[in-house]
Amino acid sequence: MRVLVVGSGGREHSLAWKIRASPRVQRVYCAPGNAGIEEVAELVPIAADDIASLARFAEEQEIDLTVCGPEVPLTLGIADEFHARGLRLFGPNRSGARLEGSKAFTKDLLRRNAIPTAYYGAFNDADEAKRYLHEVGAPIVVKADGLAAGKGVIVCATVKEAEEAIGEMMRGRIFGDAGAHIVIEEFLEGEEVSFIALTDGKTVLPLASSQDHKRALDGDRGPNTGGMGAYTPAPIVSKDLHDRLMREVMEPMVAALSAATIDYRGVLYAGIMVTPNGPKVLEFNARFGDPECQPLMLRLKSDIVDLMDACIDRRLHEVQIEWDERAAACVVLAAGGYPGDYEKGTPIHGLDRLHDWKGGVVFHAGTARRNGSVVTNGGRVLGVTALGDTIADAVAEAYRATRLIEWDGMFYRHDIGHRALGV
Ligand code: AMP
């Protein structure tokens, strides 16, 4: 088989690495990829959102399967375009990807199907939003309706902060058009988990449990980011909680999508807050979580191409999924300033020392090759991902490798896994 992976982050590196390991696969391409993906796939200089060029490439190169990593091409309809041309693509179509592309759409679907989530109001008008805010008070969460790379959410301790957030999103457009519509939502307290599953529109096949770290700094301080680290399994997801999430969230959601005549096949990822009143949905994503995908791919024993095929062909009820019994952890190394402004083009040192690393894989995210050396090319630069007998062992191994890498301005969190480790 010939497989094309679309995207250029740590998620796509781990997917390409896992796809490369399939005995069914002869060639892997990645568009546009990065300096690490280059070691497992042939890079194709086409942007992830240039759907017409990607489809043309897939036709010309007779690609058997395209795997779309990020959400933006999904919300732009990459699956619809590929399917219209008779090309196989793993990932939901445009109507399915609205689950991630519009928070108001998803909240409405959740409410109509009695799936537990925070109470909320959706607004197109700043004055109306502020009236609602004064009714419900603070703490409160203000969210841009559209895609904002995981950053369009402002948790507000006071009504004044929330008023400012509404103004900045709706009038100041700090998140561009994503903030033209907003959702104001009840503040939920608890522990977050990522419940990631595959679905073919009927069957839900959950992946191993995982958790990520959204905040930039140790102790869950600082601004929200795309994710600074992750691990699997997540001890908080007991058998009871797992069953409850399947029964109260995943299965009703798949049924709701189907009832709404949405043909949803691909990854269904529920961001969950485990509150004292039970689990509640924070958001849905239409793709693998990044960084969660990185430790998950390290633990996945099944052939991922078989799983994706079963999803596309609506045969998910026929397949089993096998995991390495060990734990895995990923430490994200980021460029100074992220999630705000950061520099690009800084040389990265120490990667050669990890070339033959036995404990895990250094997945690349924002990297590029310049004159033969690897330089930074994004906010999240590397995902140092290790296996271990326990989460503590996996985390220790990831940090051992992390200490061999350096560049000017590099930072990372020192407490990945703290919830699982009880520290
Ligand atoms: P979202 O993109 O909606 O998942 O929001 C990003 C992050 O903001 C979440 O992972 C949480 O850490 C935080 N967050 C979102 N909604 C809420 C909420 N209702 N209560 C508390 N924290 C929230």
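Begin by selecting Lys160 and Glu164 in this predicted model, where the two side chains form a salt bridge whose closest N and O atoms are 3.2 Å apart. Both residues belong to helix α8, which covers residues 159-171, and because they are four residues apart in that helix, they are separated by about one helical turn.

Next, select Asp263, which takes part in two salt bridges described here. With Arg265, Asp263 forms a salt bridge in which the closest N and O atoms are 2.7 Å apart. Asp263 counts as partly exposed at 30% relative accessibility, while Arg265, at 17%, counts as buried, since buried means under 20% relative accessible area.

Arg314 counts as partly exposed, at 37% relative accessibility. A further selection shows a network, in which salt bridges that share partners join Arg24, Arg88, Asp306, Asp309, Asp313, Arg315 and Glu318. Over the whole structure, a search finds 28 salt bridges.

From there, move to helix α5 (residues 94-101) and helix α6 (residues 103-112), and display them together. At what angle do these two helices pack? The angle is about 95°, with the axes 6 Å apart, and α5 and α6 are therefore roughly perpendicular to each other. To see where they touch, show the side chains of Arg98, Leu99 and Gly101 in α5, which meet Lys103, Phe105, Thr106 and Leu109 in α6. Sorted by class, the residues in this contact are three nonpolar, two polar and two charged.

Stay with α5 and colour Gly96, Ala97, Leu99 and Glu100, which are buried. When you look down the axis of α5, these buried residues fall within an arc of 120°, so they line one face of the helix. The elements that cover the buried residues of α5 include α3 (71-75), α6, α9 (239-259), β16 (266-275) and β17 (278-285).

The last stops concern the backbone. Most residues other than glycine have a negative phi, and most peptide bonds are trans. Select Ala31 and Pro32, where the peptide bond from Ala31 to Pro32 is cis, with omega near -10°; Pro32 is found in strand β2, residues 27-32. Then go to Tyr338 and Pro339, where the peptide bond is again cis, with omega near 10°, and note that Pro339 is found in the loop between β18 (327-335) and β19 (360-364).

Finally, select Asp220, which has a positive phi of about 55° although it is not a glycine, and which is found in the loop between β13 (215-217) and β14 (221-224). Asp220 counts as partly exposed, at 22% relative accessibility. Asn371 also has a positive phi, near 50°, in a residue other than glycine, and its place is in the loop between β20 (367-370) and β21 (373-376). Is Asn371 buried or exposed? Asn371 is exposed, with a relative accessible area of 79%.

Methods
Residues numbered from 1 in each chain as written. Predicted model: local features only at pLDDT ≥ 70, side-chain atom pairs only at ≥ 80, totals over all residues. Heavy atoms only, no water. Axes fitted to C-alpha atoms, helices over the stretch in contact; angles between N-to-C directions. Parallel < 35°, antiparallel > 145°, perpendicular 65-115°, else oblique. Contact = heavy atoms within 4.5 Å. Nonpolar A, V, L, I, M, F, W, Y, C, P; charged D, E, K, R; others polar. Buried < 20%, exposed > 50% of the residue type's maximum accessible area, 1.4 Å probe, protein only. Arc of directions from axis to C-beta. Salt bridge = Lys/Arg side-chain N within 4 Å of Asp/Glu carboxyl O.
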